[in-house]
Amino acid sequence: SVCALQVCSAGPARAGDEAKDETATWGNDCSAIEGWIDSSTDPEIGTTLQLESGKGILVVRQDGKETWGKTAILVNDVDLNKASTLEMVVTQVDKGSAFKVGIAPTDWSDFIEVLKRSSADGTHKGDIEKAVKRANRKDLLEGPVSFYLVIVVEGKGKAAYVDEVKIRSGK
């Protein structure tokens, strides 16, 4: 089955974000839970989301019956031919845990892995366009599309701490 964790609230890059990174098409600074799906929204998701006090860090914690959980946020109208670099800043990963990140079409018919499984903190980058081509889902490259950004966390009761997620042009 598909395991993924949800990232911070989604939406177009805000004016403050653009000042920091003109290449960002979509971004979330992980300072709010709004927009993310967790077990309170859908019990099958298998994660609990919380904010680390005063730090603007989204904590994605596995809480379901499986050994993994996922969270997702809807990303609207991104042209993956123009902006396909997924960048996620992780400040901490619990011992015995790992995460991976991908996208899913809005009908949830597929999970396309973009950031491979990792247990490391730091900045992680992946190419959504290449992942989509590998998965033979070229329909997702036809102009602006909407999709779910999915974060998967592995490890019973374990968490990944996400500081920022963005989709931008460039490498």
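Of the contacts in the chain with a separation of 6 or more, 72% are between residues 24 or more positions apart. The model is a predicted one. Its chain has 171 residues, and 54% of them are buried. There are two helices and 10 strands, and from the N terminus on the elements run α-β-β-β-β-β-β-β-β-α-β-β.

The confidence of the prediction comes next. The mean pLDDT of the chain is 87, with 87% of the residues at 70 or more. Residues 1-19 have a pLDDT below 50, although in the model this stretch makes 84 contacts beyond near neighbours in sequence. Where pLDDT is low, the predicted coordinates should not be read in detail.

One part of the fold to follow is an open sheet of four strands, in the order β4-β9-β6-β7 and with antiparallel pairing. Strands β4 and β7 lie at the edges, each pairing on one side only. From one strand to the next the twist averages 15°. Strands of a sheet pair through backbone hydrogen bonds, either parallel or antiparallel. Between β4 and β9, which run antiparallel, there are 10 bridges; V78 has V145 in β9 as its bridge partner. Strand β4 covers residues 68-79, and nine of its 12 residues are buried, so the strand is mostly covered. Strand β9 also pairs with β6, again in the antiparallel sense, over eight bridges. Here K100 stands opposite V152 of β9.

Another antiparallel pairing joins strand β2 (residues 47-52) to β3 through six bridges. In this pairing T48 faces R61 in β3. The two strands form a hairpin with four residues between them, and in this hairpin G54 takes a positive phi near 70°.

In soluble globular proteins, nonpolar side chains tend to be buried together. The largest nonpolar core of this model has 35 residues, and those with the most contacts inside it are L86, M88, I103, L149 and I167. Two or more residues each come from β3 (57-62), β4, β5 (85-93), β6, β7, α2 (128-134), β9 and β10 (159-168). Strand β9 gives the largest share, five residues. The surroundings of I167 can be listed: leaving out residues up to four places away in sequence, I167 touches T23, A24, T25, W26, V75, V78, A83, T85, L86, I128 and F147. A second, separate core has nine residues, among them I45, Y148, V150 and V152.

A pair of aromatic rings is described by the distance of the centres and the angle of the planes. The ring centres of W108 and Y148 are 4.5 Å apart and the planes meet at 25°; the pair counts as stacked because this angle is under the limit of 30 degrees. The pair links distant parts of the chain, 40 residues apart: W108 is in the loop between β6 (98-105) and β7 (112-118), while Y148 is in strand β9 (residues 144-154). W108 is partly exposed, with a relative accessible area of 36%. Y148, in contrast, counts as buried, at 17% relative accessibility.

Two single residues show how other parts of the chain meet. G126 belongs to strand β8 (residues 122-127). Is G126 buried or exposed? Its relative accessible area is 11%, so G126 is buried. Not counting residues up to four places away in sequence, G126 touches S84, T85, L86, V114 and L115.

D163 has its place in strand β10. At 27% relative accessibility, D163 counts as partly exposed. Which residues are in contact with D163, leaving aside its neighbours within four places in sequence? They are D29, C30, K55, G56, I57, V89 and T91. D163 and G122 are 41 residues apart in sequence, and their C-alpha atoms are 9.7 Å apart in space.

How values were computed: Residues are numbered from 1 along each chain as its sequence is written. This is a predicted model: local features need pLDDT of at least 70, side-chain atom pairs count only at pLDDT 80 or more; totals for chains, interfaces and linings use all residues. Side-chain values use heavy atoms; hydrogens and water are left out. pLDDT is the predictor's confidence in each residue, from 0 to 100. Contact means heavy atoms within 4.5 Å. Rings of Phe, Tyr and Trp (its six-membered ring) pair if their centres lie within 6.5 Å; planes under 30 degrees apart count as stacked, over 60 as edge-to-face and the rest as tilted. Buried means under 20% relative accessible area, exposed over 50%, partly exposed in between (1.4 Å probe, protein chains only). Two strands pair if DSSP finds at least two bridges between them. Axes are lines fitted to C-alpha atoms, for helices over the stretch in contact, and angles run from 0 to 180 degrees between N-to-C directions. A nonpolar core is a set of buried Ala, Val, Leu, Ile, Met, Phe, Trp, Tyr and Cys residues joined through side-chain atoms within 4.5 Å.
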